[in-house]
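Hi,

Here is the structure I promised to pass on to you.

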Amino acid sequence: MKYIKTQEAAGHILCHDVTQIIKGVSKGARFRKGHVITEEDIPVLLRLGKDHIYIWENDETMLHENDAAQILYEICANSHMRPSEVKEGKIELIAECDGLLKIDSARLEKVNALGEMMIASRHGNFPVKKGDILAGMRVIPLVIEKEKMRRARQVAGDTPIFELKPFLKMSAGIVTTGNEVYYGRITDTFTPVVEDKLSEYGVEIMGHEMSDDSPQHIAAAIQSLLQKGAGMVVCTGGMSVDPDDKTPAAIRSAAASVVSYGAPVLPGAMFMLAYDKSGIPIMGLPGCVMYAKRTVFDLVLPRIMAGDRLEKGDFDCWGEGGLCLNCPVCTFPNCGFGK
């Protein structure tokens, strides 16, 4: 780059975007990188506060901010993502489908630690919608050494830092437990809530079993739904440590492995996740799912829908951020819950 007086810039090539802000109306590039400055442009540039301007001088060792931003995009981008237009040296990464965003946090931190460049993203392991901005990236100076961008590629490795896993088409079976519901003493208000939660992800309800409090009967209901081809089984009720709450014992007997009974999440501490021998998830939902806006079920369900197989460590890390504040206006997942 060469820094010259704007009055002397006619005929030169602009090497960066020049932004114009009109309060309450717009903010954007008035002149783009690569623009050949004319005599008519000079008064406009002066009104934009540009008494001096950077023009392009070829240097084989340096990269312009736009070209460097493209390298950062290539480091990050994966399937089901697209770039925005480069504006003022910044590229945004945009989702092309609904799904679960996965981020290699360690590699992201290593790239940002190089300095003079930045990648900022939303949190990983949370659902996103088609058209959502996943991340933004740019270098800090107007030009940067090619060698530094080579190091960024090296630190990032051979695979993209980001992954967007489309949600799967899945079916679910629901087991409603409890003598009070089974014998018609009260109306089942839990199952409709679960159906609404599953409908957010397009899940087909393939079967619904009712059971009394017998752990053998609950386990038999779970097995029946699995044999009929359920992609997941969700059990409602009977998840506390009260002596007459038998759903956890039933899930244990029906499952091949139990990931967790209990989670450092409020609401949702008594949640249970297990898998059958084929890897089908079996979940026990505590009563809070019936009345709370967001619970541990909202943290687990998108992971299940993206095909993740959760492990105990996935639950353990929710201790920090696992407290829902029950805000009057719920903005989940655009809040701190589960992060």
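Where does Pro 333 lie? Pro 333 is in the segment after helix H11, which spans 312-316. Please keep in mind as you read on that this is a predicted model.

**Cis peptide bonds**

Phe 332 and Pro 333 are joined by a cis peptide bond, with omega about 10°. Another cis bond runs from Leu 266 to Pro 267, where omega is near 0°. Pro 267 sits in a loop, with strand S17 (257-261) on one side and strand S18 (272-275) on the other.

**Positive phi angles**

His 80 is not a glycine, yet its phi is positive, at about 70°. You will find His 80 in the loop that links helix H2 (65-76) to strand S6 (81-83). With a relative accessibility of 36%, His 80 counts as partly exposed.

Glu 116 is also a non-glycine residue with a positive phi, here about 65°. Glu 116 belongs to the loop between H3 and strand S9 (117-121). Its relative accessibility is 36%, so Glu 116 is classed as partly exposed.

**Helices H3 and H4**

A word of background: a pair of packed helices is described by the distance between the two axes and the angle between them. For helix H3 (residues 105-112) and helix H4 (residues 146-156), the axes come within 9 Å and cross at roughly 165°. Because angles over 145 degrees count as roughly antiparallel, H3 is roughly antiparallel to H4. The H3 and H4 crossing is right-handed.

Asn 112 is part of helix H3. This residue has a relative accessible area of 28%, which makes Asn 112 partly exposed. If you compare Asn 112 with Gly 99, the two are 13 residues apart in sequence, and their C-alpha atoms are 25 Å apart in space.

Which residues make the nonpolar surface patch of about 330 Å²? They are Met 1, Ile 13, Val 36 and Trp 56. Of these, Ile 13 is in the loop connecting strand S1 (2-5) and strand S2 (18-22). Ile 13 has a relative accessible area of 42% and is therefore partly exposed.

Best wishes

Key: Residues are numbered from 1 along each chain as its sequence is written. This is a predicted model: local features need pLDDT of at least 70, side-chain atom pairs count only at pLDDT 80 or more; totals for chains, interfaces and linings use all residues. Side-chain values use heavy atoms; hydrogens and water are left out. Patches are made of residues with over 30% relative accessible area and no salt bridge: like charges are joined within 9 Å, nonpolar side chains (Val, Leu, Ile, Met, Phe, Trp, Tyr) within 5 Å. Accessible areas come from the Shrake-Rupley method with a 1.4 Å probe; for residues, only the protein chains shown count as cover. A salt bridge is a side-chain nitrogen of Lys or Arg within 4 Å of a carboxyl oxygen of Asp or Glu. Helices (H or I, at least four residues) and strands (E, at least two) are DSSP runs, numbered from the N terminus. Buried means under 20% relative accessible area, exposed over 50%, partly exposed in between (1.4 Å probe, protein chains only). Axes are lines fitted to C-alpha atoms, for helices over the stretch in contact, and angles run from 0 to 180 degrees between N-to-C directions. Angles under 35 degrees count as roughly parallel, over 145 as roughly antiparallel, 65 to 115 as roughly perpendicular and the rest as oblique. A crossing is left-handed if the near helix is turned anticlockwise from the far one by less than a right angle, and right-handed if clockwise.
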